[in-house]
Amino acid sequence: MHRVLSAGQYILGPEVSAFEDEFSQFLETTQVIATGSGTDSIELILRCLDLQGKAVVIPDFAPSAVASGVVRAGAKVVLADVDPESLILCPRALRRLLESPEGKSIKAALVVHLYGNPANWSELEKVTRDHGIHLLEDAAQAHGGSWQGRALGTMGRMSAFSFYPTKNLGAIGDAGAIATADAALADLARQRRQYGWKTRYESDSPGINSRMDELQAGILRVKLRTLKWQVTQRQKWAGKYDAAVANNPRIQAQITTSGGIHAYHQYVVRCAQREELTAHLQSRGIPTTILYPSALHQQKAWQQSGEFAEAERAAAEVLALPLHPYLDELSIDHVCSALNDF
Ligand SMILES: Cc1ncc(COP(=O)(O)O)c(C=O)c1O
């Protein structure tokens with residue numbers, strides 16, 4: 001922070017460039033473009049792919065930010081149900097939509113690796129390839145996860161990351177990034193994050209203002225050094241929770257996608273008696289959160305008709321348990337024994 005303040009350049013300077021390089025090395029991809037937030041990153045990737053006025057499929061069980069980003073890009077949100085085990089966009093639901101009368105207007109699917117659980121990329125890729133649409137990634141909850149050896153956020157043509165403070169890699173304010181292996185799209189994203197400037201004061205196409213601050217980049221560079229360790233800690237605690245709920249018929253863990261390594265941004269269980277479980281944990285001093293209490297189509301802003309049985313069931317049953325890298329073994333064991341007793 002001192003280095004940034006002494007240098008006196010506060011936006012898109014050497015810290016941002018260094019962070020872009022370091023994060024692209026971490027992901028093993030060629031291009032990272034730092035932005036102002038995850039929502040901005042979604043907007044920008046859709047704009048770079050000229051999806052304004054087109055329909056984009058997103059999972060119905062996802063944070064509102066995903067739908068907001070699509071709308072801000074001038075695209076139309078089309079919701080699809082999720083897979084009941086992984087809670088990720090269901091390939092069969094996506095195919096049904098693409099084969100429906102409305103299917104022709106759909107030009108992209110934006111997949112969310114929910115809570116850090118990797119999507120089954122090859123299944124989704126098959127559906128989107130059959131219909132000639134873009135497959136894009138929202139890796140805002142997935143820093144440090146992978147699928148079949150590929151880092152989450154490097155499989156889509158373009159991907160969006162958020163560095164909101166609570167994320168696996170979090171800044172001390174809003175920040176985000178785009179990742180892509182396509183140099184031309186990366187150039188376009190760099191222009192469009194700053195007024196569409198090709199060179200200073202010369203815009204090639206309309207852009208927005210979504211630039212990362214030097215202070216955020218400096219903080220992210222320091223935190224990136226321990227990201228691998230932090231994700232390993234999350235996985236270690238998640239393994240203990242998995243073991244604690246494995247034989248409890250009243251609680252189901254989210255199923256990690258086969259071939260994937262979960263980034264465990266959140267550890268979320270499902271329980272048909274959620275209120276009872278919440279009260280039981282609370283009585284032992286264990287806080288929980290509901291992520292997310294309603295599916296997107298159930299919210300006023302995103303209402304639409306369709307088949308969303310799994311998203312609705314997920315919204316009624318999910319409960320996030322305490323999880324962060326700095327929890328200690330004793331606290332985790334306390335939660336595990338409370339889960340056992342339920
Ligand atoms: C899956 C997902 N996508 C997008 C976003 C938006 O990111 P931001 O809050 O940085 O705009 C978030 C986080 O809030 C998220 O969890």
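Author: Buried means under 20% relative accessible area, exposed over 50%, and partly exposed in between (1.4 Å probe, protein chains only). This is a predicted model, where local features need pLDDT of at least 70 and side-chain atom pairs count only at pLDDT 80 or more, while totals for chains, interfaces and linings use all residues. Residues are numbered from 1 along each chain as its sequence is written, and side-chain values use heavy atoms, leaving out hydrogens and water.

Reader: Is Y115 buried or exposed?

Author: Most residues other than glycine have a negative phi. Y115 is not a glycine, yet its phi is positive, near 65 degrees. The relative accessible area of Y115 is 0%, so Y115 is buried.

Reader: What is the relative accessible area of E28?

Author: E28, also not a glycine, has a positive phi of about 60 degrees. E28 lies in the loop between α2 (14–27) and β1 (31–35); helices (H or I, at least four residues) and strands (E, at least two) are DSSP runs, numbered from the N terminus. E28 is exposed, and its relative accessible area is 72%.

Reader: Which residue in β14 is the bridge partner of Q252?

Author: Two strands pair if DSSP finds at least two bridges between them. β12 and β14 (residues 267–270) pair in the antiparallel sense over 2 bridges. In β14, the partner of Q252 is R270.

Reader: Which residue in β15 stands opposite V268?

Author: β14 and β15 are antiparallel and pair over 4 bridges. On β15, V318 and A320 are buried on one side, and L319 and L321 on the other. The residue opposite V268 is A320.
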